[in-house]
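Here is a short briefing on one protein model.

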Amino acid sequence: MSKSKLYSLNSESVAAATKDWLAKRGVTREQIAELVLFLQKDYFPDLTIEECGHNVDAVLSKREVQNAVLTGIQLDLLAEEGKLLPPLQEMIENDEGLYGCDEILALSIVNVYGSIGFTNFGYVDKLKPGILKKLNDKEDAQCHTFLDDIVGAIAASASSRIAHRKQAEREGRTTPPLD
């Protein structure tokens, strides 16, 4: 590609790649929605898995989120293939405890959705419920150093989105502060 051509990426292809790569790495929308329900069921007892899934979709529609998902998965794949330079290779391959860049990338997702997202992220990151336990178990050859945090951040963000929307409903507002 010559430098004189104007770069333009198709947003639909980025969104599709995000969903495809999550699926290729063994993560479904439903599994993320289950995390959202886990995080919000005590606050909103009538919350449905369908509503959780809708909010997961809304989070995944954000370009900032898509960028983080694709970047994190790429780094995990490169670590699986042994293609990172040492000592980064070993740190990511072994999910080094003092390596916090995986959490920082995930926080770029949560950052879109406010402080409730931050607290929810910390909670699921510590507990590792549902799909997060599987992604974090290190039982197979796949590396999920970034993906487990990213999935937790998507769920935390969808949870925050729900909380903000429910508050807007209580106040009779039609436009919540976070989309």
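The model is predicted. Its largest pocket has a volume of about 170 Å³. Its largest nonpolar core holds 44 residues.

**Largest pocket**
- The lining consists of 18 residues.
- Nearest the centre of the pocket lie Glu-93, Lys-138, Gln-142, Cys-143 and His-144.
- By type, the lining residues are nine charged, five nonpolar and four polar.
- At least two lining residues come from each of helix H4 (63–80), helix H5 (88–93) and helix H8 (131–136).
- H8 gives the most, with three residues.

**Largest nonpolar core**
- Val-27, Val-56, Ile-109, Val-151 and Ile-154 touch the most other members of this core.
- Two or more residues each come from helix H2 (29–40), helix H3 (49–60), H4, helix H6 (101–110), helix H7 (115–127), H8 and helix H9 (147–170).
- H9 supplies the largest share, ten residues.
- Beyond its neighbours within four places in sequence, Val-27 is in contact with Leu-22, Ile-32, Ile-131, Leu-135, Leu-147 and Val-151.
- In soluble globular proteins, nonpolar side chains tend to be buried together.

**Helix H6**
- Asp-102, Leu-105, Ala-106, Ile-109 and Val-110 are the buried residues of H6.
- These residues lie on the same side of H6, because they cover an arc of only 155 degrees around the axis.
- H3, H4, H7 and H9 are among the elements that cover them.
- Ile-109, one of these buried residues, is also among the core members that touch the most others.

Technical notes:
Residues are numbered from 1 along each chain as its sequence is written. This is a predicted model: local features need pLDDT of at least 70, side-chain atom pairs count only at pLDDT 80 or more; totals for chains, interfaces and linings use all residues. Side-chain values use heavy atoms; hydrogens and water are left out. On a 1 Å grid over the protein atoms alone, a cavity is a set of points where a 1.4 Å probe fits but cannot get out, and a pocket is an open set with protein on both sides within 12 Å along at least five of seven lines; lining residues have an atom within 4 Å of a point. Grid points are joined across faces, edges and corners, and a volume is the space filled by probe spheres set on the points. Helices (H or I, at least four residues) and strands (E, at least two) are DSSP runs, numbered from the N terminus. Ala, Val, Leu, Ile, Met, Phe, Trp, Tyr, Cys and Pro count as nonpolar, Asp, Glu, Lys and Arg as charged, and the others, Gly among them, as polar. A nonpolar core is a set of buried Ala, Val, Leu, Ile, Met, Phe, Trp, Tyr and Cys residues joined through side-chain atoms within 4.5 Å. Buried means under 20% relative accessible area, exposed over 50%, partly exposed in between (1.4 Å probe, protein chains only). Contact means heavy atoms within 4.5 Å. The arc is that of the directions from the helix axis to the C-beta atoms.
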